Structure formats: C-alpha cells, structure tokens
Amino acid sequence: RDQPRSRGLGDVYKRQLLDNVAASFTAPPGDPSTFTTPNANEVSNLANPDTNTTAASTSRLINLSTRAYVGPKDQFQEMVGGFGITGTGSVKLFIRGYGPHLAQFFGEGALSDPMVTIKTFPGGEEVLVNTQWNASDTEWSEIGDEYQPSTAGDCGAFITLQPGLYTTEVVGENGANGIGMIEIFTYDDLTAKSGGTVGNGSASLSKLMNLSTRSYVGPKDQFQEMVGGFGVSGTDPLKLFVRSYGPHLATFFGDAALSDPKVTIKTFPGGEVSLENDNWSTSDAEWSEVSDEYKPSTAGDSGAFITVQPGLFTSEVLGVNGATGLGMIEIFTYDEMNKK
C-alpha cells in the first residue's frame with residue numbers, strides 16, 4: 001500500500017519548519033577525551049515513581065516527543081532520555097523514531113539511519129531495540145494511518161511495559177548523525193480507525209509521569225535547538241514541573257555542557273508562550289513542597305512550575321547568547337513527584 005503521510009501529535013513542531021532546510025552543522029565544544037561517563041541517575045534524572053493512582057488531577061500526559069541533533073556516541077551526542085510509568089497496571093506504548101522522514105524538512109541534515117533502544121532503569125535490561133518499522137505488525141491495523149511511519153528507515157514499534165523507570169537512546173547506525181526524533185505515545189489514547197479520539201480515556205490506571213531527554217543543543221539557525229512536544233489529555237488542569245539542565249552537566253562533560261540554557265513552552269497551534277525560564281528562582285513557593293532531588297543544583301540551570309489546560313504544547317531548549325553544548329529537558333507531572 002502507499003505509505004501514509006505522518007500527522008501524529010509528535011509532529012507538532014513541523015509547521016514552522018516547512019520552508020527551512022539545515023545547511024550545515026558545527027562541532028560541539030570540548031575535548032571528548034576529557035569527558036567522564038555520567039552516572040545514570042544524573043543523566044536520566046528520574047526519581048522513584050509514586051504508585052498512587054489517585055492524583056488530584058484526572059488529566060495525564062498522553063505523548064512525549066523530542067527532536068534534536070544526534071551525533072557520535074563517543075562524544076556523548078546520542079539522544080539519551082528517560083521516562084517513568086506510575087500506577088499498578090501495565091501500559092501499552094507506541095514508540096516512533098524519526099530520521100529519514102525529517103529529510104523533507106532538513107534535507108541531508110536529517111538522521112539517515114536511526115536506531116531506538118529502551119532499557120529498564122537501573123537494571124539496564126533491553127526491552128526494545130528497533131531499527132526499522134515492520135509493516136507486518138498487527139497493531140498497525142488498529143490505529144489511524146497518521147501514526148504510521150511514512151519513510152523506510154524510520155523506527156516504529158509497540159511495547160507493553162510495567163510501572164517503573166526506563167531509559168531511551170537514539171543513535172545513528174553505521175556512524176550516521178543528524179537531526180532525529182523520538183516519540184512515545186500511550187496506545188489507548190491514539191486515534192483509532194474505528195473512530196476513537198485522543199483523550200477518550202485509558203484502559204489502564206497507569207500513566208506516563210515524566211520525560212527526560214539529554215542531547216546536544218546547537219544553533220537555532222541550523223535547527224539544532226532541542227524541540228519537544230507533549231499532549232495533555234483529560235478535563236482538568238495539569239500541574240507540571242519543567243527543568244532544563246546545562247551547567248549541572250559540567251560535572252560530567254566539562255566545557256561541552258551547555259553553559260546557559262533557556263526553556264520555553266508554547267501552546268500549539270496558537271504559539272502562546274506559557275512558560276519562559278532562563279534561571280530557576282529560589283523564591284518560587286513550590287520549592288518548599290518538593291524533595292531536594294528535584295531542585296536544580298547549579299546557578300544558570302532552568303526550573304519552574306506551570307499549570308496547563310488539556311491540549312498540545314511545544315517545548316524548546318536553546319543556549320542563551322549563542323551558547324551550545326550538551327543540555328537536558330525534563331517534564332514531570334507534579335502530582336506524581338516525591339514530595340517531602
């Protein structure tokens with residue numbers, strides 16, 4: 001059959017990119033030989049999920065995505081992330097990794113051959129390795145065409161996971177590098193061919209509670225900013241904690257860490273700025289309500305609280321005053337954080 005054009009929630013940033021093609025990429029700062037291997041706790045920044053299923057809000061995160069530059073793994077430029085599942089039952093997810101599909105926007109700047117790996121944390125057991133979507137998977141017939149990968153070489157797979165913590169990694173096979181994307185959808189909330197709608201309710205009491213992604217953040221005019229998207233399903237406002245690390249990562253990456261990150265969250269498609277944070281402020285009253293492990297530890301890192309209505313949102317991490325380097329964005333559902 002003809003491959004459908006993808007229009008999933010994770011593509012929320014594409015409209016602004018249609019007329020742009022990345023021409024070139026710059027090397028990251030720092031000598032890779034001086035980098036240290038990060039501790040997994042620090043890279044993923046995931047805390048033990050609370051198994052309470054009666055959070056104050058009935059709304060929840062239904063998809064999480066990040067688009068960023070994917071470079072050499074020996075320079076720690078792979079896209080590394082983490083996510084948590086809270087609750088008591090298993091959750092079926094749809095994982096999609098884009099590279100070749102992005103060539104329509106970025107030309108040769110797109111990642112030509114992505115590979116997605118998901119592991120348990122902290123055990124490191126591989127639960128998914130996908131280098132190519134398989135049209136023979138029976139689940140494709142159960143979901144709308146708009147969620148199916150549209151280009152050979154892109155990744156796409158279904159997986160059922162128990163509550164817990166997981167890490168994700170996107171690398172280019174055979175030394176490939178370029179702009180790539182990873183997307184995580186809750187399967188129950190996908191638009192089904194049978195007429196279901198996003199936000200129609202999940203069959204599981206479990207849900208996504210956070211997303212953490214670390215990648216190289218480069219110049220915006222070369223489309224190397226870290227761009228994300230997420231959806232909130234339900235009827236109630238949902239309080240989130242957003243954190244972006246740069247200086248904190250200097251412990252592991254030295255001068256290669258992003259020296260001054262700035263995070264922005266906008267509504268989609270309206271583009272209204274819901275949050276813009278350059279440096280975290282100790283004056284925010286919410287800091288007194290959460291555990292110290294969630295508080296940024298370094299001046300210059302970003303961190304803020306925000307309450308959003310159900311809908312679609314984009315997030316962006318850039319370096320202030322042209323700063324580049326390894327950065328991170330994290331989005332937590334506030335109700336599921338380990339409070340004091």
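This is a predicted model: local features need pLDDT of at least 70, side-chain atom pairs count only at pLDDT 80 or more; totals for chains, interfaces and linings use all residues.
Arginine 243 belongs to strand β11 (residues 238–245) and glutamate 330 to strand β16 (residues 325–333), so the contact ties together parts of the chain that are 87 residues apart in sequence.

Another salt bridge joins the side chains of glutamate 183 and arginine 96. The N to O distance is 2.6 Å. Glutamate 183 sits in strand β8 (residues 178–186), and arginine 96 sits in strand β3 (residues 91–98). The pair therefore ties together parts that are 87 residues apart in sequence. Both partners are buried.

A further salt bridge is formed by glutamate 169 and lysine 73. Their closest N and O atoms are 3.1 Å apart. This pair links distant parts of the chain, 96 residues apart. Glutamate 169 is in strand β7 (residues 164–172). Lysine 73 is in the loop between β1 (60–70) and β2 (79–86). The accessibility of each partner was also computed. Glutamate 169 has a relative accessibility of 17% and therefore counts as buried, because the cut-off for buried is under 20%. Lysine 73, at 47% relative accessibility, counts as partly exposed, because exposed requires over 50%.

Technical notes. Residues are numbered from 1 along each chain as its sequence is written. Side-chain values use heavy atoms; hydrogens and water are left out. A salt bridge is a side-chain nitrogen of Lys or Arg within 4 Å of a carboxyl oxygen of Asp or Glu. Helices (H or I, at least four residues) and strands (E, at least two) are DSSP runs, numbered from the N terminus. Buried means under 20% relative accessible area, exposed over 50%, partly exposed in between (1.4 Å probe, protein chains only).
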